[in-house]
Amino acid sequence: MERQRITAKKLKIGIAAAFVISGFLQAQQSFTVEQSLDYAINNNVDVKKARIDQIKASQKVKETTGIGLPQISAQGTYNYYLKIPVQLLPAEIAGGTPGTYIPVQFGLKQTVGAGVTLKQLLFNGSYLVGLQSAKAYKETSALAEEKTEISIKEAIMVSYAAIISTDENIKTLEDNMRIAEKTLNDTKETYKVGLTEEQNVEQLEYSYKNLQTNKENLKRTRTKLLMALKYLMGYPLDQEMELSTTLDEMVQKNQVLVDQNKDIDISNHIDLRLKNNALKVSELQLKYQKSLSLPSLSGFASTNYNGNSNSFTFLIKISNGLILPS
């Protein structure tokens, strides 16, 4: 019985340890440089803002296009008079005594009115230029999103390379520290037997402490660079992250990019396309100012219905098709 209790206790401890290890592995992710770039494209704040701006630009084009589409509007009124208004007519009209008036009521207790209007813009120079400008704005947003993604990728490549370069420097310092520590210990032993001077020991101690200080400075620098990389990627700053691409691999990837860029078409460069788009927008602004002097032409058609009744029989009239335009 006691053995079963111990076995059950060990099983619980093993399960708890498995959960802890699993949570640690989930919290601590490893990224290659390609994975860092992919993660940033989906999570970077600036990239998300650029995509939202592009969506807004697309909706702006639809909104501007809608101005030139047929516009239909409808209106309706319903009045119920608790007491039909009374008006006074001269009595002499009906052969009565001059100077007296006869009270009369015009209309019925209930009235309805309905109308439909169709409007269509036939020609408007400002609208045509505005539609072109909206499309140019959409193109600007798309180019801005592309530029943002390129800038983020460049910044991530630089940050990633800086971190793994710092790691290499830390490893080099650690190797030097091991050699310096061994040399320092050997020199101390030599000093104890009187075969060297105390000044040599002090110089080696000073050199070793300098190596320690440089190592701590590099560690602090690495922490700052890693935080910057996390921010660029949109990765949680409070979670651990490991980098799996080595410095040699980064150098090889950079060489491949350099070779690919040798035959690049400069006319397709993002900055040049942005400049050309900005020039296009400026020309459209000038064109819009000129279009304000052009006439505008539009057409419309409308129909109306008015009904009067002492009881609510309008729906019956509608079902019988008795509605006639007034």
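Let's start with charge: a search of the whole structure finds twelve salt bridges, each a side-chain nitrogen of Lys or Arg within 4 Å of a carboxyl oxygen of Asp or Glu. You are looking at a predicted model, in which local features need pLDDT of at least 70 and side-chain atom pairs count only at pLDDT 80 or more, while totals for chains, interfaces and linings use all residues. Residues are numbered from 1 along each chain as its sequence is written, and side-chain values use heavy atoms, with hydrogens and water left out.

**Stop 1: salt bridges**

Select Lys60 and Glu63 to begin. Their closest N and O atoms are 3.9 Å apart. Because the two are three residues apart in helix H3 (residues 45–67), about one helical turn separates them. Helices here are DSSP runs of H or I with at least four residues, strands are runs of E with at least two, and both are numbered from the N terminus. Lys60 is partly exposed, with a relative accessible area of 39%. On this scale buried means under 20% relative accessible area, exposed over 50%, and partly exposed in between (1.4 Å probe, protein chains only).

Next, select Asp186 and Lys182, whose side chains meet in a salt bridge at 3.1 Å, N to O. These residues are four apart in helix H4, so about one helical turn lies between them. Asp186 counts as partly exposed at 39% relative accessibility, whereas Lys182 counts as exposed at 55%.

Now pick Glu139 and Lys280, a salt bridge of 3.6 Å from N to O. This pair links distant parts of the chain, with Glu139 in helix H4 and Lys280 in helix H7 (residues 270–291), 141 residues apart. Glu139 is partly exposed at 37% relative accessible area, and Lys280 is partly exposed at 39%.

**Stop 2: aromatic rings**

A pair of aromatic rings is described by the distance of the centres and the angle of the planes. Rings of Phe, Tyr and Trp (its six-membered ring) pair if their centres lie within 6.5 Å; planes under 30 degrees apart count as stacked, over 60 as edge-to-face and the rest as tilted. By this rule there are three aromatic pairs. Select Phe31 and Tyr39, an edge-to-face pair at 5.5 Å centre to centre with 75° between the planes. Phe31 is buried, with a relative accessible area of 5%, while Tyr39 counts as partly exposed at 22%.

Together, Phe31, Tyr39 and Tyr235 form one aromatic cluster.

**Stop 3: the nonpolar cores**

Leaving aside neighbours within four places in sequence, Met233 is in contact (heavy atoms within 4.5 Å) with Phe31, Ser36, Tyr39, Ala40, Asn43, Asn44, Ile156 and Met241.

A nonpolar core is a set of buried Ala, Val, Leu, Ile, Met, Phe, Trp, Tyr and Cys residues joined through side-chain atoms within 4.5 Å. The largest has 18 residues, and those with the most contacts inside it are Ile152, Ile156, Tyr160, Leu229, Met233, Met241 and Leu243. Helix H2 (33–43), helix H4 (125–192), helix H5 (198–233) and strand E6 (241–243) each supply at least two residues of this core. H4 gives the most, with five residues. A second, separate core of five residues includes Leu173, Met177, Tyr208 and Leu211.

**Stop 4: Ser126**

Finish by selecting Ser126, found in helix H4. Is Ser126 buried or exposed? Ser126 is buried, with a relative accessible area of 18%. Not counting residues up to four places away in sequence, Ser126 touches Tyr288, Ser291 and Leu292.

**Zooming out**

The protein's secondary structure comes to eight helices and seven strands. Of its 326 residues, 21% count as buried. Among contacts between residues at least 6 apart in sequence, 76% join residues at least 24 apart.
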